[in-house]
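Here are my notes on this one, for your next look at it. Have the viewer open while you read.

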Amino acid sequence: MPNASTFLDMKRRGEKIVVVTAYDAPTARIEAEAGVDIILVGDSVGVNVLGYAHEREVTLADMAHHIAAVRRGAPEIYIIGDLPYATYDTPQQAIESSRLLREAGANCVKFEGARVEIMRALTAAGFDVCSHLGLESQHHDVKRRQGKTAQAAAKLYDDALALDAAGQKFVVLELVPQELAARITQAIGAPTIGIGAGAATDGQVLVVNDLAGITAREFKHNRRYGAVGAALREAVEAYARDVRAGHFPAEEHAFHMADDERFAFERAAGLKPLR
């Protein structure tokens, strides 16, 4: 199984790191077979799978459940798991929460914001840690681009440097200008993983529901690589038509008893033979 050093070496060689989300075993297995480098089990599971209105509703139990499922589907892949909202407010809480995610199968834990003291505590406790700067879905009420002004960009740049000095293994840069992401990528040792941050980062991550065409909404930072949602809807519609018309199941989908066993069953049950 790869470790954090694997991806640091990729950064140094200029090789792009492919990251995508997964929330269940079948999807994780497909992604591993497709050759992704890292699976992110994000708190995006809340709005993409669990039907929650906001990422803040996701619990540690939710995250542990889905990380374990992804680990079963992809036993050899490096997994980053999100620490949910309000589960890393103090260093001790962050450590306890991270232990649960590691026990579920995460190789690395991720939290949002420039929480340098949390980074130090987790790295000192032996965790691989990924930070997350720019748009913070857990903490920002409105999901919009970050770092647009010189002052805001400078703050994010300084935060990335501080988190790097504290021991981060990765940083996700979400919805920040490409120029800023490029500067951060050049300035820090840890690999940068971009989403809506341009092409200059060390790697890219997308939500699998978005790239596969399950999500109905269009996002500027996303490219649809499939139409899974439409294909699934068409398949279910065709199934419903066949059931209602009596076309499914057909003879080839049925199982039959041997004649002698059927006759014995009918006699024992006092049933008349079917015509």
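**Pockets, cavity and barrel**

1. The second largest pocket has a lining of 9 nonpolar, 6 polar and 2 charged residues (nonpolar is Ala, Val, Leu, Ile, Met, Phe, Trp, Tyr, Cys and Pro; charged is Asp, Glu, Lys and Arg; the others, Gly among them, are polar). Its space is about 320 Å³, and Gln204, Leu206, His221, Arg223 and Tyr225 are the lining residues closest to its centre. β1 (17-21), β7 and β8 each give at least two residues to that lining.

2. Some ground rules: this is a predicted model, with local features needing pLDDT of at least 70 and side-chain atom pairs pLDDT 80 or more, while totals for chains, interfaces and linings use all residues. Numbering starts from 1 along each chain as its sequence is written, and side-chain values use heavy atoms, leaving out hydrogens and water.

3. The largest pocket comes to about 890 Å³. Its lining counts 36 residues, with Leu135, Glu174, Leu175, Phe219 and His221 nearest the centre. By class that is 12 nonpolar, 10 polar and 14 charged.

4. On a 1 Å grid over the protein atoms alone, a pocket is an open set with protein on both sides within 12 Å along at least five of seven lines, a cavity is a set of points where a 1.4 Å probe fits but cannot get out, and lining residues have an atom within 4 Å of a point. The largest cavity holds about 40 Å³, and Lys110, Val172 and Ile193 are among its lining residues.

5. Around the barrel, 8 strands (DSSP E runs of at least two residues) close in the order β1-β2-β3-β4-β5-β6-β7-β8, with parallel pairing (at least two DSSP bridges per pair). Valine 172 sits opposite isoleucine 193 in β7.

Note on methods:
Helices (H or I, at least four residues) and strands (E, at least two) are DSSP runs, numbered from the N terminus. Grid points are joined across faces, edges and corners, and a volume is the space filled by probe spheres set on the points.
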